Amino acid sequence: MAAAAMAAVAVAGLAVTEVASAGASADRSRPAHDKALQAGLEALVADGALPGALMSVRGRDGRVTNYTAGVGDIRTKSKVPTDGYVRIASITKMFTAVATLQLADEGKLALDDTVEKFLPGVVRGTGDGAAIDGRTITIRQLLNHTSGMPTGVPFMSNGILPVKDRYFETREMLDAALTQAPTFAPGQDRVWAYSNTGYMLLGLVAQKAAGRPFAEVVTDKIINRIGLKETYYPGPGDRDIRAPHPRGYLFSKDDKGNPIAGDLIDITRFDPSIAGAAGQMIATPSDINKFLVALQDGRLLKPGRLAETRRTVAAPGFPDGWRYGLGTIEMKLSCGITAYGHGGDADGFQTRAAITPDGRAVTVAFTNDEAHQYEVLAFFDKALCATK
């Protein structure tokens, strides 16, 4: 979550749209929006480095307010679509973790099973030094990033642009990761490293345990189960985002890889298979909040399993007060409240989502994953604290 350099492009248009949750009474159909939050969104997009912003806020009473700021397209200056589709990137990890825990409840796997049980002979690292070995890695360790799997995404050393139109099989990504040395031996106390390749491997394990394609597992066990109409796992070859959606951007880079201020590249369309079970999904902000509510109220996991997702380990490199559970980040907010959720950075989009124990949920999305990351986190904290 390093800070990124800023760019400047023209920004125009902002809006706030207010809607009520399903079943809300007529007198709750127009919840008042928070002027301070709207102003905060506008401030974040003011210099154009983040061209557009979307936010959905769900109060503890179920009322929903959707906000936008900036532009949805820097070329046409079109408005940001209210509650439009965005790439949710690593928020996908919450879905992957929930599907895995559901399989555990069905007796198809146990969290302390090794990877070897499901993928015999597959996970054998060839990197220098200590090798990666599926016989010593458990499902639990993949879930909470204590497996020691390499942290980077294979084939991304030169960024997304050279591979944006290429489709990747998860096994291909895994085999490339296995040429690297592990970050550490799995399961060591007080050792942690965020690993996208670990979650790609987890998707293969869950797929094998379920006996169905991983995208189908997530769709059947989560998306369809709780009626998420605006959430999906893109299929093979699907490089687009469903309408309506804002466009996503990257900074162009100089010869040394440094961002060039004021020069943005449209990266809306690319093949998300390079992220797999670690970050492939697409959704609207309000649908992510619906997922968070369904998870917390027991429609996806039993209370004991939910509590298990929130048993955390220290997460070095994350903001102060943040810890990692099983596909869930515990966030200590500036107002003293604890929230649970995840963030995601896909090329062109950065998203943050969380819910408080009393049911307040916020999901924010911005259309450049490289800009103002610290400021986005501060605003996200403020939004969660301000929601009633």
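Me: How many aromatic pairs turn up in the whole structure?
Reply: A search finds 11 of them, where rings of Phe, Tyr and Trp (its six-membered ring) pair if their centres lie within 6.5 Å. This is a predicted model, so local features need pLDDT of at least 70 and side-chain atom pairs count only at pLDDT 80 or more, while totals for chains, interfaces and linings use all residues. Residues are numbered from 1 along each chain as its sequence is written, and side-chain values use heavy atoms, with hydrogens and water left out.

Me: Nice. What kind of pair do Y194 and F318 form?
Reply: A tilted one, 6.0 Å centre to centre with 45° between the planes; under 30 degrees counts as stacked, over 60 as edge-to-face and the rest as tilted.

Me: And which aromatic pair does F318 form with W322?
Reply: That one is edge-to-face, at 6.3 Å centre to centre and 80° between the planes.

Me: Are F318 and W322 buried or exposed?
Reply: Both F318 and W322 are buried (under 20% relative accessible area, with exposed over 50% and partly exposed in between, using a 1.4 Å probe and protein chains only). F318 has a relative accessible area of 16%.

Me: Which residues form the aromatic cluster?
Reply: W192, Y194, F318, W322 and Y324 form one cluster.

Me: Switching topic: where does the charged end of K93 sit?
Reply: Over the ring of Y199, 5.7 Å from its centre. The charged end of R166 sits over the ring of F155, at 5.2 Å from the centre. The cut-offs are NZ of Lys or CZ of Arg within 6 Å of the ring centre and within 35 degrees of the ring normal.
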